[in-house]
Amino acid sequence: MTQYMIRDMAPDERPRERLMAHGPEALSVSELLAILIGSGSRGRSAVSIARELTGGAFDEQRLARVRDVRELTGVTGLGPARAAVIVAALELGRRLAAAGRGRSAVVRSPQDAAELVMDRLRYEMQEHFLALLLNSKGHVMAVKEISRGCLNATVAHPREVFAPAIVYHAAAILVAHNHPSGDPTPSREDAQLTRKLEATGKVMDVPLLDHVIIGDGIYYSFKEHGLL
């Protein structure tokens, strides 16, 4: 099948020209990827490669989870250099999204907390355990990663969770972690850890406000379920 290169497309159909004329929001995900890929390879256009990365077995959900260049180099025509550009762009987007949500954030409800860490955690392939440090008015002073684990287990000790709270003189903390399966239903270990953290917070006079578990676009709150 004939592969049309970007240079063969009408000027107003080329992704880069469309971006400059209409802004990035006007482009599809595959068009944005085509710009990152650039010139493509012999016999295969950047647009064709980008479409493979957003359709079929390699859909947008899978793409959002990519962390390793080797996950992309199996795509015909996509070499390590261009794959690295895509991985870097994905990571940059995740970090900027997390930073934007965290700046001057105020946590007034479990939903606020879940929205604050959702972009950071929902696509992680390992469990990451975070502590959100709050001042007396509920403003987030910092979000600290306490630990990370394997596919379905992580370890967080109360002393590690509350150590940053002491440094920042936090008035309260809220903890969150993700379930790579996408199902935020708490495990027995999650419930046991929550009880330990609640007890530690009472002793230290730094209350644990909630433990939020992040799934794929959904969350579980111990507070909302009356367990805190």
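D205 is found in the loop between α8 and β4 (208-214), where helices (H or I, at least four residues) and strands (E, at least two) are DSSP runs, numbered from the N terminus. This model is predicted, so local features need pLDDT of at least 70 and side-chain atom pairs count only at pLDDT 80 or more, while totals for chains, interfaces and linings use all residues. Residues are numbered from 1 along each chain as its sequence is written, and side-chain values use heavy atoms, with hydrogens and water left out.

- Most residues other than glycine have a negative phi, and most peptide bonds are trans.
- D205 has a positive phi of about 60 degrees although it is not a glycine.
- With a relative accessible area of 65%, D205 is exposed; the cut-offs are under 20% relative accessible area for buried, over 50% for exposed, and partly exposed in between (1.4 Å probe, protein chains only).
- H169 is not a glycine either, yet its phi is positive, at about 55 degrees.
- You can find H169 in the loop between α7 and β3, and at 69% relative accessibility H169 counts as exposed.

**The whole chain**

- The protein chain has eight helices and five strands.
- Starting at the N terminus, the elements run α-α-α-α-α-α-β-β-α-β-α-β-β.
- Of the 228 residues in the protein chain, 40% are buried.
- Among contacts (heavy atoms within 4.5 Å) with a separation of 6 or more, 57% come from residues 24 or more positions apart.

**How α7 meets α8**

- Two packed helices are described by the angle between their axes and the distance between the axes.
- Helix α7 (residues 158-167) packs against helix α8 (residues 188-204) at an angle of about 40 degrees, and their axes are 10 Å apart.
- That angle makes α7 oblique to α8.
- Here is how the angle classes work: under 35 degrees counts as roughly parallel, over 145 as roughly antiparallel, 65 to 115 as roughly perpendicular, and the rest as oblique.
- The axes themselves are lines fitted to C-alpha atoms, for helices over the stretch in contact, and angles run from 0 to 180 degrees between N-to-C directions.
- The crossing of α7 and α8 is right-handed, meaning that the near helix is turned clockwise from the far one by less than a right angle.
- On the α7 side, P158, V161, F162 and I166 make the contact, and on the α8 side K196, L197, T200, G201 and M204 do.
- Sorted by class, the contact of α7 with α8 has six nonpolar, two polar and one charged residues.
- In this sorting, Ala, Val, Leu, Ile, Met, Phe, Trp, Tyr, Cys and Pro count as nonpolar, Asp, Glu, Lys and Arg as charged, and the others, Gly among them, as polar.

- Six of the eight residues of helix α3 (residues 46-53) are buried, so α3 is largely enclosed by the rest of the structure.
- The buried residues in α3 are A46, V47, S48, I49, A50 and L53.

**Two buried histidines in strands**

- H177 lies in strand β3 (residues 172-178) and is buried, with a relative accessible area of 1%.
- The side chain of H177 makes a polar contact with the side chain of H179 (3.3 Å); such a contact is a pair of N or O atoms within 3.5 Å, and within protein one must be able to donate a hydrogen and the other to accept it, while residues adjacent in sequence count only if both atoms are side-chain atoms.
- Another polar contact, of 3.3 Å, joins the side chains of H177 and D190.
- H128 sits in strand β1 (residues 128-134) and counts as buried at 4% relative accessibility.
- The side chains of H128 and E124 make a polar contact (3.3 Å).
- Leaving aside neighbours within four places in sequence, H128 is in contact with residues including L121, E145 and H177.

**Residues apart in sequence**

- A64 lies in helix α4 (residues 60-64) and is buried, with a relative accessible area of 18%.
- A64 and R94 are 30 residues apart in sequence and 9.3 Å apart in space, C-alpha to C-alpha.
- I218 is found in the loop between β4 and β5 (219-221) and counts as partly exposed at 45% relative accessibility.
- The C-alpha atoms of I218 and R122 are separated by 8.6 Å, with the two residues 96 residues apart along the chain.
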